[in-house]
Structures are given as C-alpha cells and as structure tokens.
Amino acid sequence: MRKSFALFVSLLLAAAPARAQQTTLLPEPVLAALAQELSGESAKRNLEQLARHHRMRGSRGFRAAAEHIAEQLRAYGLSDVMIEQFPADGKIFYGTQRSRPPWDAEFAELWEVRGEPAGGWLPVARLASWEAMPVTLAQDSESGEVTAALVDVGAGTADADYAGKDVRGRLVLTSSQPGAAARLAVERYGAAGLVSYAQNQRTAWWGEDENLVRWGHLDTFARTPTFAFMVSLKTARALQQRLARGERVTLRAAVRAGKHPGSYDILTATVPGSDPRLKDEEIAFSCHLDHQRPGANDNASGSVAILEAARTFSKLIREGRIGRPRRTLRFIWPPEIEGTLAYLNARPELARRIKAVVHMDMVGGGPETKAVFHVTRGPASLPSFVNDVAEHFGEFANEQSARFASGEAAAYSLHSPEGGREALLAEMAEFSMGSDHQVYADSSFGVPAIYLNDWPDRYIHTNFDTPANVDPTKLKRAAFIGAASAYFLANVSERDAPALLRLLRAQALRRAARGGGGGGG
C-alpha cells in the first residue's frame with residue numbers, strides 16, 4: 001500500500017465510532033446530485049465529435065480530438081487545462097518504452113485496374129480509400145506507388161507460403177497482420193506492398209459479417225519501409241477465387257503517408273482539492289484517446305465518460321450541490337499505454353501524487369456490440385480497498401438498474417432518455433491486462449487502479465465501431481461508477497473507517513465463497 005495513502009492501515013484497525021447507516025459510501029445528497037447531473041446524451045455528443053478523427057499517436061487527428069476536449073474542459077470550468085508534449089523520435093525511451101514517432105497520412109487509394117502500361121490503365125473498382133475510410137490503410141504505412149499483379153500468399157508468415165510464387169515487385173494478399181507478413185513478403189522476397197484481411201480480435205461473432213474492415217498495423221521500426229491496405233473478408237475471398245481460377249488481378253496502389261518528428265500529446269485538467277494538507281494528493285481519471293476512426297466504443301467512450309465526470313464535478317461544485325473534494329481530481333487523455341508510460345516517467349512527481357486511478361477503456365457498448373461490462377480489480381500483488389470501493393458502486397448500479405428494468409421502484413435508474421433501459425449486469429471481475437491500468441498498477445508505480453471496461457465487443461477494431469452502436473445509458477452508468485468511486489476516494493478519511501471495514505469484510509467473504517483471491521484490504 002502506498003505510504004501517503006497508508007493512513008488506512010491504521011484507520012481500518014481503529015475503533016472509530018460508527019456513523020448512521022446510509023445507502024452507499026456516499027451521502028444521499030451527493031449520490032443524488034451525481035446521478036441527476038451526469039448525462040449520457042452530453043457524453044455521446046462529445047463522442048460523435050471524437051469519432052470523426054483518425055486518432056493515431058502524435059497525428060493531426062489525435063491533436064484535433066485533444067483540442068476539442070480541451071475546449072470543452074475550459075467551457076466546463078476545469079483548471080490547469082493543457083496539452084503537454086513529450087518528444088517521440090524512436091530513440092528516446094520512457095522507462096522501458098521506446099518512443100514511436102508520430103504517423104500521419106495524406107492520401108491512399110487502392111484500385112483494381114485493367115489494360116497495359118503503354119495504353120494506360122483503366123479503373124475497374126476502388127478497393128480502399130483513406131479519405132472515405134482511414135482504417136483501410138494500415139498504421140505506419142509509408143509512401144509508395146505501384147501498379148502490379150496481386151499474389152495470394154495465404155498467411156505469408158512462413159517460407160513455404162512463397163514456394164513457387166514470384167512476388168518481387170508485386171502486391172501480396174495475406175490473411176495475417178501486415179507487420180507479421182511484411183518480414184518475409186517485403187524484406188526477404190521483395191514484394192512492393194501488402195493487402196491484408198487479417199481477422200484480429202476474434203470473438204464468437206468475428207466471422208458473421210464479411211463486410212467488416214479490420215484495423216491493421218505495420219512494424220513501426222521495420223527495416224524496409226512499405227505500405228499495406230486492409231480489405232474486408234468478402235473482398236478478399238472474391239479476390240482469392242479469381243486468383244485460384246488463374247485470373248490475373250492487377251491493382252494500382254498510391255500512398256502518401258509516413259512517420260515524422262513529433263511528440264506524444266497528452267491532455268490533462270484538474271479539479272483542485274480543498275484540503276491544504278491533502279490537495280497535493282490526486283485521484284486520477286484515465287483513458288486512452290487514440291484509435292482508428294471511428295473508434296467509438298474503443299475508446300471514444302472512455303474518453304467522453306471521464307470528460308462527462310469532469311463536467312459534472314465542475315458544475316455541481318460551482319452550484320454548491322457537492323463540496324469541493326479534499327484531494328485533487330486529475331483527468332488524463334493519453335495515447336494508449338505508451339502515452340501513459342511517457343507521462344508517468346517524464347513526470348515522476350505526478351506519479352507519486354496519484355493515489356488511485358479510475359481507468360475507462362470501452363464503456364459504452366450497446367446491445368448490438370454484444371458487450372459485457374466489467375468492474376475489474378487490480379492485481380493480487382497490489383492489494384487495496386480501492387477495488388472494493390469500485391465494486392460497491394458497481395453493485396449499487398447493478399441493483400438499481402435491475403429494479404428499474406423490472407418495473408420496480410428504483411431511486412436511481414441511471415438511465416438516459418435517449419438510451420437503453422436494460423439492467424447494467426456488470427460483472428465484478430478479477431485482474432486482467434490490456435490497457436493503461438496495467439501501467440499504473442505495475443510495481444514501477446504501484447498505483448491502485450479501477451478498470452471499467454466492455455468485453456467482448458462485436459465491432460472492436462473495425463469500421464463498424466460507430467457512435468450508432470454506443471448507448472448513452474451505458475455511458476452515464478460508467479461515468480457514475482467512476483465518479484462516485486473517485487469522489488469517495490478524494491474525500492476518504494478516518495471517519496469512513498467503520499463503513500469501509502464492513503464493506504471489506506463482506507467483500508472478502510464473497511471472494512472466499514467464489515474461491516477467488518484478489519486484493520482486498
């Protein structure tokens with residue numbers, strides 16, 4: 001347990017007098033104010049703006065998204081709004097993380113053509129367009145232009161895939177991620193570029209819609225620059241069938257893109273604490289702002305959920321409906337994992353001030369996404385009562401939303417007028433990795449992290465991860481769980497010892513009954 005937050009080692013053992021029972025760890029007026037003010041519609045309007053941008057690290061799209069949020073934060077009355085920049089050139093390390101140069105694209109199209117070079121090429125069909133659908137260009141593609149035959153190399157990750165095939169100067173069709181296939185196709189056998197239909201992020205629904213175009217990546221530090229286009233499974237199968245019949249398929253590719261000097265842009269803002277002794281301690285809200293367009297649930301949803309929490313805190317404090325928290329609340333919008341590593345390593349004093357984190361990555365998936373919402377604990381190696389606080393508010397949202405969905409009286413339905421009315425049914429989950437919470441919880445920093453997340457998600461990393469599939473009610477409920485948890489932690493004191501002891505004892509018994517460990521206490 002972190003030293004400056006370790007007053008709870010003693011306070012939880014202290015025989016403090018019990019206070020009057022209340023519905024949750026927060027007083028009813030605070031609980032009601034949060035539930036009433038948080039707006040799924042407000043969050044979704046901001047999400048629709050973010051989803052317009054292809055938000056790669058250090059890119060123009062990322063910067064535009066960050067500036068939109070910064071403008072909103074200033075309008076909401078947040079303090080210390082700034083976009084900090086940390087150099088990223090491929091040489092600088094932040095901890096063990098080698099920085100990756102920013103990447104941008106200006107133009108990219110892939111056409112099927114027919115004819116001969118001497119007589120000119122005639123367009124047949126456009127297979128990919130950066131302007132229309134940025135996800136069709138693999139991340140970290142470099143500029144290039146070629147008109148060449150297409151060769152099917154299957155996975156393209158083993159020498160046997162190229163046996164009897166001449167791919168030099170040609171384009172290869174691969175089922176693998178571009179970065180995995182490029183090592184042989186381009187570096188060893190001389191292909192000019194790749195066309196991939198990699199089926200990443202497989203779930204039970206991955207093969208049911210052949211029109212999905214999935215996000216692809218090349219190796220940022222590959223020795224041989226190249227480009228890759230991403231196409232749907234339907235398009236790839238049609239091309240495969242033609243090639244299997246012996247038909248020649250000629251494609252014309254043109255790309256203007258590449259890495260360039262720049263920085264990690266990390267947006268932050270605060271709600272300053274009120275206690276002279278505790279205001280230098282911080283409870284942070286985290287997410288990741290980067291992703292392909294539209295990237296609505298992953299992760300515009302987490303980005304706008306913490307923005308909505310920021311708006312709500314600022315407004316309620318200004319109106320006198322809740323008190324200013326004793327500890328400072330900080331809100332952070334970085335590129336995923338690498339941005340958080342850069343931030344915490346470049347700002348060690350900040351890493352020491354942060355006592356707990358509420359991290360949101362994919363928190364808005366509606367029924368079409370098949371998403372299951374999770375309130376995820378930290379690792380057993382970092383035991384903390386913070387996890388039990390999050391589960392407490394997660395279970396409260398479950399119970400209230402289930403009553404509402406069943407037609408029973410519910411004081412806190414936590415639903416949005418434009419959103420769904422289903423029960424939340426959040427799962428209280430043990431630690432899992434895969435997002436920025438793992439950076440905070442790592443022993444390098446040792447910050448207890450609450451992780452709110454959807455999994456699975458039918459449309460993750462595809463062109464169908466759109467705002468239409470994000471539910472305002474889900475956004476509101478995620479923001480509520482995060483805001484309630486953070487506000488309690490920002491104010492927690494010795495007076496909360498009896499309530500916390502009751503909570504920890506109850507949660508420990510439940511975990512023991514389930515046969516799970518998990519960090520409590």
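Leaving aside neighbours within four places in sequence, which residues is His437 in contact with? They are His359, Phe431, Ser432, Ala449 and Tyr451, where contact means heavy atoms within 4.5 Å.

## Basis

This is a predicted model, in which local features need pLDDT of at least 70, side-chain atom pairs count only at pLDDT 80 or more, and totals for chains, interfaces and linings use all residues. Residues are numbered from 1 along each chain as its sequence is written, and side-chain values use heavy atoms, with hydrogens and water left out.

His437 lies in helix α11 (residues 437-441). Helices (H or I, at least four residues) and strands (E, at least two) are DSSP runs, numbered from the N terminus. His437 counts as buried because its relative accessibility is 1%. Buried means under 20% relative accessible area, exposed over 50%, and partly exposed in between (1.4 Å probe, protein chains only).

Asn46 sits in helix α3. At 6% relative accessibility, Asn46 also counts as buried. Its contacts, leaving aside neighbours within four places in sequence, are His68, Gln72, Tyr76, Val304 and Leu307. Leu307 is 261 residues from Asn46 in sequence, yet the C-alpha to C-alpha distance is 8.7 Å.

## The α3–α4 pair

Helix α3 (residues 40-50) packs with helix α4 (residues 60-76) at about 150°, their axes 9 Å apart. Axes are lines fitted to C-alpha atoms, for helices over the stretch in contact; angles run from 0 to 180 degrees between N-to-C directions. The two helices are therefore roughly antiparallel. The classes are roughly parallel under 35 degrees, roughly antiparallel over 145, roughly perpendicular from 65 to 115, and oblique for the rest.

From α3 come Ser42, Asn46, Gln49 and Leu50; from α4 come Ala65, His68, Ile69, Gln72 and Tyr76.

## The sheet and its helices

Seven strands form an open sheet with mixed pairing, in the order β5-β4-β10-β6-β7-β8-β9. Strands β5 (120-129) and β9 (228-230) stand at the edges with a single partner each, so one side of each has no neighbour in the sheet. The twist averages 35° from one strand to the next.

Strand β7 (residues 171-174) and strand β8 (residues 193-196) pair in the parallel sense over four bridges. Two strands pair if DSSP finds at least two bridges between them. Leu173 has Val195 in β8 as its bridge partner. Helix α5 (residues 178-185) lies across β7, β8 and β9, at about 140° to β8. Helix α6 (residues 233-244) lies across β4 (103-116), β5, β6 (144-152) and β7, at about 65° to β6.

## Nonpolar cores

The largest nonpolar core has 80 residues. Such a core is a set of buried Ala, Val, Leu, Ile, Met, Phe, Trp, Tyr and Cys residues joined through side-chain atoms within 4.5 Å. Leu34, Leu73, Phe313, Phe331, Trp333 and Phe480 have the most contacts inside it. Helix α12 (residues 472-491) gives the largest share, 12 residues. A second, separate core has 47 residues, including Leu110, Val151, Phe227 and Leu239.

## Helix α2

Helix α2 (residues 28-37) is largely enclosed by the rest of the structure, because seven of its 10 residues are buried. These are Val30, Leu31, Ala32, Ala33, Leu34, Ala35 and Glu37. The buried residues pack against α7 (296-318), α10 (385-405) and α12. Not counting residues up to four places away in sequence, Leu34 touches Leu26, Thr312, Phe313, Leu316, Phe480, Ala483 and Ala484.
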